[in-house]
Amino acid sequence: MLSVEDAWLHYDDGVYYTNMYYVPDGIPFSWAVMFPSSVLQQYEGFTLTRVSMYENECNYGNLLLGVYYGTEHEPNVLMNEQLVATANWSDFCSYELEHPVEIDATRCLWIVFSETNITNYYYPATVSQNNVDPNPNARWVQFEQNKWMDVLLDNEMWYEIQWMIRAYVTNDPWGVEELMDLTASTAYPNPGGNTLNIRTALQNAHVEVYDANGRLVHSQAVTENVMAIDATAWAKGVYVWKVCANNKEAENGNWIKQ
């Protein structure tokens, strides 16, 4: 198995610089990193199981995470899409893919984050700064539907930015991150009714549940491997659950209340 360091594909240097948002009002904001097929050659046959993004107090509510294959200029084949809830701490947060993606080195891999609520009151995209050898594949943005561009083309001052987005690839078919000693958390039954069960082996952790609008509806410390959460008062619909460990790592997924 590859080590965590070897398996995380990324452009950022791990040092937070600032958060960014695009204006004018009313235009959905999406940002992405693209890994060209030449980078993926050594990972042919591996599986993408997780995506990570640096989060801090500027992040708010749910984001839409999409994994695509595409060309060097745009993503066009959706492989996985899911809602993720931001945790608002200053560190990388890891999201387990609901549908892991096998690496195809003949195409370019795109990791895309998009707003679910159009607002200018927060700055969702975290960036690091690289003034030595900035990579244009680390700063893709979509200002209009189906129109992707290098953010440098809009503003030269963004030349040095690198989106703090990472992709974890592994040759372990179960996608286990051995060095991080994490066991995947699970929510069941899914869909469910008035009880949401969350099973986790994470230690020093807490559970958070968010509704489709990004509102926190439940939070509690992990006290046992399986926790039964009363969802009787919750409206029917999609919820995002999250298990946060040591304020650094998180596992999450969607749960549907019928």
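**Exercise 1: nonpolar cores**

Identify the residues with the most contacts inside the largest nonpolar core.

Solution. The largest nonpolar core has 42 residues, and those with the most contacts inside it are Trp31, Leu48, Ile111, Phe113 and Trp163. A second, separate core has 17 residues, among them Ala187, Ile198, Leu202 and Trp234. A nonpolar core here is a set of buried Ala, Val, Leu, Ile, Met, Phe, Trp, Tyr and Cys residues joined through side-chain atoms within 4.5 Å. Buried means under 20% relative accessible area, exposed over 50%, and partly exposed in between (1.4 Å probe, protein chains only).

The model is predicted: local features need pLDDT of at least 70, side-chain atom pairs count only at pLDDT 80 or more, and totals for chains, interfaces and linings use all residues. Residues are numbered from 1 along each chain as its sequence is written, and side-chain values use heavy atoms, with hydrogens and water left out.

**Exercise 2: cysteines**

Count the disulfides (pairs of cysteine sulfur atoms within 2.5 Å).

Solution. Start with Cys93: the closest cysteine sulfur to its own is in Cys244, at 6.2 Å, which is too far for a bond. The count of disulfides is zero. Next, check accessibility: Cys93 is buried at a relative accessible area of 0%, and Cys108 also counts as buried, at 5%.

**Exercise 3: an open sheet**

Give the strand order of the three-stranded open sheet.

Solution. Strands are DSSP runs of E with at least two residues, numbered from the N terminus, and two of them pair if DSSP finds at least two bridges between them. The order is β14-β15-β18, with antiparallel pairing. The edges are β14 (186–188) and β18 (226–230), each pairing on one side only. From one strand to the next, the twist averages 25 degrees (axes are lines fitted to C-alpha atoms; angles run from 0 to 180 degrees between N-to-C directions). Between β15 (residues 195–199) and β18 there are five bridges, and Arg199 stands opposite Val226 in β18.

**Exercise 4: salt bridges**

How many salt bridges are there, counting a side-chain nitrogen of Lys or Arg within 4 Å of a carboxyl oxygen of Asp or Glu?

Solution. The count is five. One of them joins Asp12 to Arg166, with the closest N and O atoms 2.6 Å apart. Asp12 lies in the loop between β1 (8–9) and β2 (18–20) and Arg166 in strand β13 (residues 165–170), so this pair ties together parts that are 154 residues apart in sequence. Both residues, Asp12 and Arg166, are buried. Asp104 and Arg107 also form a salt bridge, at 2.9 Å from N to O; Arg107 is partly exposed, at 28%.

How values were computed. Helices (H or I, at least four residues) and strands (E, at least two) are DSSP runs, numbered from the N terminus.
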